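Good morning, everyone. Please look at the model on the screen while I talk.

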Amino acid sequence: MESPVSARVRRVPTTPRGGPAPGGLAGGVPRWGRSPGAARRGLSAPSPADGAAACRAQVLTDPEDIAALYRQLSQLPALGTACLGPELTTQYGGKYCNVYAEWSQRDLERAESVKFCRQYLVFHDSKTIVYSGPSGACTEIKGELLSRESPSGTLKAVLRKASNSKGEEKQFLEIWDQNRKVKSINLTGLEKHGSIYEDDQFGCLAWSHSETHLLYVAEKKRPKTESFFQSKAPELSSTAEEEDAVSRPEKQEKALKGEQFVYHEDWGEALSGKSVPALCVLDIESSNVSVLEGVPDHISPGQAFWSPGDTGVVFTGWWHEPFRLGLRHCTNRRSALFYVDLRRGCCELLSNDTKAVWSPRLSPDQCRIIYLENNALGPHQQCSRLCMYDWYTKQTSTVLEVVPRQSQGVFPGIYCTALPEMCWAADSRRVVLDTAQRSQQDLFVVDTQTSSVHCLTADAPPGSWTLLTINRDLLVAKFSTPSCPPTLKVGFLPSVGQEAQVSWVCLEDAAPLSDISWVIQSLQPPSEQENPQYEGLDFEAILLRPSQMASTNKPPLVVVPHGGPHSVFVASWMLYPAVLCRMGFAVLLVNYRGSLGFGQDNIASLPGNVGSQDVQDVQHCVERVLQEEPLDSTRVALVGGSHGGFLACHLIGQYPGTYQACVVRNPVVNMASMISCTDIPDWCLTEAGFFFTPTTLPNAAHWTEMLHKSPMQYVDKTAVVPREQPCTLWRGGRG
């Protein structure tokens with residue numbers, strides 16, 4: 001009789017294209033056996049008294065060998081963004097276009113991640129790809145913060161940072177045509193605003209439809225401040241004053257006294273120093289910059305673009321009153337869609353103002369705007385609605401609703417943090433997006449008229465897909481698996497009703513690592529661990545293991561629950577699990593109940609049950625995998641960050657007999673103490689099962705319950721035998 005786990009395992013082929021790994025990755029690292037220092041300590045050192053020692057897999061433990069392996073795998077680049085150039089015609093009538101792709105790669109010598117670009121040629125007949133291939137070598141991109149091609153493709157705007165001879169960093173906005181830089185504007189020197197926002201939360205660089213103006217977001221200029229005891233320079237002579245007036249025609253700004261240490265609240269993690277964003281417009285011909293007025297004082301604008309006819313600006317506005325909450329990975333912050341009419345000088349509300357709205361995208365015919373919508377507050381990540389605003393009828397409709405339960409073969413709902421910048425089909429009717437579907441990520445096309453959804457990657461090999469761009473129905477996408485680094489693919493979106501017939505062509509291939517195998521496992525919680533409010537939910541895990549290991553050898557296991565908690569591991573390329581697997585470890589990535597991609601009920605089941613439901617799911621998964629797979633149950637370690645660290649600390653405290661080591665990064669160890677020193681205090685109350693409002697003050701019951709759900713209560717269980725159960729905590733500052 002099959003076990004509950006093995007009966008529901010989906011075995012995944014890990015080498016769909018075959019062939020050796022690039023650069024000898026399939027076995028080029030020396031000393032895979034046990035190194036001379038292996039017996040010193042760590043998971044790879046078996047006890048002499050262990051009768052099963054002969055069956056234990058030997059893992060890589062020598063630091064130099066591990067560093068060599070990491071260096072080798074870190075050279076595999078990550079695919080970031082892509083854009084399509086204008087469509088050109090050859091003298092023989094053939095059509096072609098350029099694909100511009102940006103990649104990133106770790107440069108260990110420089111201790112930084114470097115970006116580089118590569119271009120590809122795609123010849124086509126508007127329905128199928130005739131020929132494709134790379135054009136030229138890679139080129140490193142230096143100092144580029146944002147870039148955007150104009151609608152016609154003849155111009156390109158680049159926001160660049162550069163330092164002068166004094167080491168002062170400045171920001172420049174450059175305009176390029178097809179063979180030269182036609183303009184470079186020192187935005188820092190103009191002193192119209194603070195630093196430009198280049199992040200993916202507020203930042204934008206949008207061309208007007210007429211290609212005469214550029215729209216971007218920058219920190220609002222603050223008045224200069226000085227001490228009451230500031231020493232002043234002597235008065236300027238009349239000649240100096242006249243010269244200064246010529247160089248600075250504007251009225252000199254008067255400094256505010258005694259306010260040089262005033263605290264300015266910002267938007268939290270990864271957005272520190274960003275407090276009051278402002279919409280700014282550059283007139284390309286005159287090089288004049290103006291800061292748009294009319295945005296409500298209680299709103300922080302971002303994600304802006306030009307309205308149809310360039311009559312104004314459409315943007316997402318976040319409420320920052322009564323105070324700001326962290327925005328990074330938080331799609332539940334109250335926000336709405338707004339329109340600043342430049343002709344009338346007024347600001348209009350375009351969407352519901354009680355929800356969380358973001359990622360607006362204008363259709364090619366400039367008639368419709370689609371955007372994502374969540375409920376305000378509640379879990380930081382949710383199943384989202386896809387809404388559409390008709391520019392001319394002023395009507396808003398819901399194209400796709402929240403999906404309560406995900407089932408096999410049915411659209412799972414939308415769980416993406418943003419829509420692709422270019423996501424509309426040429427017919428201005430269909431939208432293409434990528435989203436998690438359980439433990440994979442697929443591409444879907446949505447018909448905004450009928451609300452029908454079709455999967456574009458249903459017949460593709462198992463793995464994860466990301467849409468990079470679509471233009472003139474030419475799709476550019478990224479594909480990867482846990483054993484295959486990212487590959488760049490293109491294909492044409494078929495006509496309505498023929499979506500399943502998309503044919504993908506690879507522009508940049510990557511050979512899979514033949515010595516890593518992986519499988520997705522589906523699990524059901526035991527009946528006693530069912531959530532009475534949300535019964536019948538299941539969850540999944542992705543198991544990676546060395547594939548070229550003797551069947552008698554049992555590799556040690558590294559268990560990795562994800563953070564969030566409302567996040568998800570998808571079957572894509574991940575450097576650290578790949579390194580661990582190549583070292584000789586099996587790696588278990590657990591998508592416990594509460595993860596994205598399994599329906600809104602799955603998400604809603606976790607708040608109020610953290611520290612119990614999620615911990616039990618991970619433990620149940622580990623026990624089943626150890627029972628069903630040839631793994632060494634005496635060598636099991638935990639690794640986790642943020643909420644994953646929360647779970648790792650819980651697990652090694654509640655089940656000390658299962659785990660022999662634990663490494664956690666920025667873990668949540670005490671929700672009760674966290675609430676008073678975090679940019680996301682709502683997370684603590686919401687996940688503890690309480691309702692949060694900006695005026696909420698925790699009471700004794702709140703403190704007690706948060707402490708009860710925290711792993712801090714088990715600290716004595718992990719501190720008893722530190723030599724046998726080492727637990728390493730990594731803490732870092734906010735970025």
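First, a term: two strands pair if DSSP finds at least two bridges between them. Strands (E, at least two residues) and helices (H or I, at least four) are DSSP runs, numbered from the N terminus. The model is predicted: local features need pLDDT of at least 70, side-chain atom pairs count only at pLDDT 80 or more, and totals for chains, interfaces and linings use all residues. Residues are numbered from 1 along each chain as its sequence is written, and side-chain values use heavy atoms, with hydrogens and water left out.

Now the hairpin. β17 covers residues 299–306. Its partner is β18, residues 312–319. They run antiparallel, joined by 6 bridges. W306 stands opposite V313 in β18. Between the strands lie 5 residues. In this hairpin, G309 has a positive phi near 75 degrees.

Is β17 covered or open? Mostly covered.

Next, P656. Where is it? In the loop between α7 (643–654) and β37 (661–665). P656 counts as partly exposed because its relative accessibility is 31%. What does P656 touch, leaving aside neighbours within four places in sequence? L651 and Q725. Contact means heavy atoms within 4.5 Å. P656 and Q725 are 69 residues apart in sequence, yet 8.0 Å apart in space, C-alpha to C-alpha.

Terms used:
Buried < 20%, exposed > 50% of the residue type's maximum accessible area, 1.4 Å probe, protein only.
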